[in-house]
Amino acid sequence: MVIQVCIGSACHLKGSYEVIQTLKGLIITHGLEKKVTLQSSFCLGICGKSVSIKVDDQVLSLKPDEVVDFFEKNVLEVING
Ligand code: FES
């Protein structure tokens, strides 16, 4: 699974750095370094909804305080089946 977090200016202002740090911590905590690749990306084209992220081919948006929820539903549940 590849998760890209937009670091374009709109998303940066809304906390993409915090989103990346939180995701990085969660990936390590759950030992998923080999299964989940975290990358930064340029503008994903939905700046109004930032922070924008792309999970494989799906573009989503989330706020920094929604990262844990997102991770449980869209990463852990998907990877663990
Ligand atoms: S700056 Fe993030 S989607 Fe445009």
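Where does Ser50 lie? I found Ser50 in the loop between strand E2 (37-41) and strand E3 (52-55); strands are DSSP runs of at least two residues (E), helices of at least four (H or I), both numbered from the N terminus.

A note on my source: this is a predicted model, where local features need pLDDT of at least 70 and side-chain atom pairs count only at pLDDT 80 or more, while totals for chains, interfaces and linings use all residues. Residues are numbered from 1 along each chain as its sequence is written, and side-chain values use heavy atoms, with hydrogens and water left out.

**Ser50.** I looked up its accessibility: Ser50 is buried, at a relative accessible area of 7% (buried is under 20%, exposed over 50%, partly exposed in between, with a 1.4 Å probe and protein chains only). Next I checked its neighbours, not counting residues up to four places away in sequence: Ser50 touches Ala10, Cys11, Lys14 and Leu62 (heavy atoms within 4.5 Å). I also noted that a polar atom of the Ser50 side chain lies 3.1 Å from the backbone oxygen of Cys47.

**Salt bridges.** I counted two in the structure, each needing a side-chain nitrogen of Lys or Arg within 4 Å of a carboxyl oxygen of Asp or Glu.

- Lys63 pairs with Glu66, with 3.9 Å between the closest N and O atoms. Glu66 is partly exposed at 33% relative accessibility.
- Asp69 and Lys73 meet at 3.6 Å, N to O. I placed both in helix H3 (residues 67-80), four residues apart, about one turn of the helix. Asp69 is partly exposed, with a relative accessible area of 45%.

Key:
Polar contact = N/O pair within 3.5 Å; in protein donor to acceptor, adjacent residues only side chain to side chain.
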